[in-house]
Amino acid sequence: MVRLRQVQRGKHPPAVISVRRIRGLDAIEARADAIRLGALTTLTALMEQPIIAAEYPVLPATARYMGSPAIRHLATVGGNLCNASPAADLSPVLLVLDAEVGIVGPGGARRLPLERFFRGPGLTALAADELLAWVQWPRMHAGWDVRYERLDVRRAMDIAIVGVALALRRDGARVAEARLALGAVAPTPLRVPEAEAALVTGGLAPAAVERAAELAMAAARPISDVRATAEYRREMVGALVRRALLPIGVGG
């Protein structure tokens, strides 16, 4: 709807096609090995689905940041991803869940890691005649902790100034696997493999946490705008990485 109002850019489409009657596009499937969300899954449905709430509470919590209740009844997971905003809240969380997307078109169906779906602000890997059908991620089991930290002016009806998503799998005191993703600080949401490796190598020792924060700051490519300067955004990346890791370290 926002793009339909871009009259100053001459982007009026010749037609608008609703896909809401395509069967299955709003399905939520909890399989033994994966969770799959149809592209038309609304944010409200994401918040209210019992298995999602029980196993991935980070997703309902993240959805509550997005819009108002009325907007969440209409806004969809697929719409949020296809809008490809660098500041989108769902994207970093789905990245650390190791999500992939399903794409369909006249040439058939294909799958793509979510990390490769985003090409730039407002740009995705979808061809002009393709449709996003679903997003899914491997089912997580014991030992995982997934978090999303967001810097904003207010809790809802606002976009993130900085977003940091973190997924850790613990094996006793050891970090067996780490995934870290950033939002609102680069042209696309991005994973930070160097910071992830620092956590696996050093665990949650203060030096390793600080190293991960520094590497995340170095990976960020923020811009200055009316909401924050690039320097402030970069500093806040480090602060949010530390905030996400601190409760895990204290609890462990």
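Strand β8 (residues 144-151) and β9 run antiparallel and are joined by eight bridges; strands here are DSSP runs of E with at least two residues, helices are runs of H or I with at least four, and both are numbered from the N terminus. Two strands count as paired if DSSP finds at least two bridges between them. Val146 has Ala167 of β9 as its bridge partner. The model is predicted, with local features requiring pLDDT of at least 70 and side-chain atom pairs pLDDT 80 or more, while totals for chains, interfaces and linings use all residues. Residues are numbered from 1 along each chain as its sequence is written, and side-chain values use heavy atoms, leaving out hydrogens and water.

On β9 (residues 162-171), seven of the ten residues are buried, meaning under 20% relative accessible area with a 1.4 Å probe and protein chains only. β9 also pairs with strand β10 (residues 174-183), antiparallel and over nine bridges, and Gly163 is bridged to Gly183 in β10. The two strands form a hairpin with two residues between them, and Gly172 in the turn has a positive phi of about 70°.

Elsewhere, five strands make an open antiparallel sheet in the order β1-β2-β7-β3-β4. Its edge strands, β1 (28-30) and β4 (108-113), each pair on one side only.

The helices α7 (residues 193-202) and α8 (residues 206-219) have axes that come within 8 Å and cross at roughly 175°; axes are lines fitted to C-alpha atoms over the stretch in contact, and angles run from 0 to 180 degrees between N-to-C directions. α7 and α8 are therefore roughly antiparallel, the term for angles over 145 degrees.

Key. Angles under 35 degrees count as roughly parallel, over 145 as roughly antiparallel, 65 to 115 as roughly perpendicular and the rest as oblique. Buried means under 20% relative accessible area, exposed over 50%, partly exposed in between (1.4 Å probe, protein chains only).
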